[in-house]
Amino acid sequence: MLLEAMLAVTIFALGVIALGRCVSYCVAAERLKEESVLARRLLENRWAEIEAGAVAPPKETTEEFDETSPFHALKLRITSVPIERKNEKEEKVEGIFGVTLTATWQSDGEEQSKELMFYVYPRPRQ
């Protein structure tokens, strides 16, 4: 009878340990998902600012945010390169830039990143 009770307690303990690990992995996955959503929001915000012409795409810059910002754990790297294209009449089209936004952050001791690439053609100011 004592042996059966010890075996039952051992099986129960192994189950609790396995369940604890599952919960731990779920919490880590949820944290990574939230960090990823925050990085995507940062990239989308900066993309909208550049598309609207509120911010000119710099040649290359890295931006870090202060503690008051919701993005304080992220670093934003912006690069832009001029793109040479021709129209249907084989005329050179000037002013098109390829912009790459990269958000990086540390999560569980590993560097994570998200990237957004797009073209921008500055609109003339009215």
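Is Arg46 buried or exposed? Keep that question in mind as you open this predicted model, and begin by selecting helix 1, which covers residues 2-52.

Within helix 1, pick out Leu19, which counts as exposed because its relative accessibility is 55%.

Next, go along helix 1 to Arg46 and Glu49, which lie 3 residues apart, about one turn of the helix. Arg46 counts as buried, because its relative accessibility of 14% falls under the 20% cut-off, whereas Glu49 is partly exposed, with a relative accessible area of 31%. Their side chains meet in a salt bridge, at 2.8 Å from N to O.

Glu63 counts as partly exposed, at 25% relative accessibility.

Now select strand 1 (residues 60-64) and strand 2 (residues 75-82), which run antiparallel and are joined by 5 bridges; here Glu63 stands opposite Leu76 of strand 2. Glu64, which is exposed with a relative accessible area of 58%, forms a salt bridge with Lys75, their closest N and O atoms being 4.0 Å apart.

Finish with strand 5 (residues 97-107), which runs antiparallel to strand 2 and is joined to strand 2 by 8 bridges, and look there for Thr100, the bridge partner of Thr79.

Terms used: Residues numbered from 1 in each chain as written. Predicted model: local features only at pLDDT ≥ 70, side-chain atom pairs only at ≥ 80, totals over all residues. Heavy atoms only, no water. Helix = DSSP H or I, 4+ residues; strand = E, 2+ residues; numbered from the N terminus. Buried < 20%, exposed > 50% of the residue type's maximum accessible area, 1.4 Å probe, protein only. Pairing = 2+ DSSP bridges.
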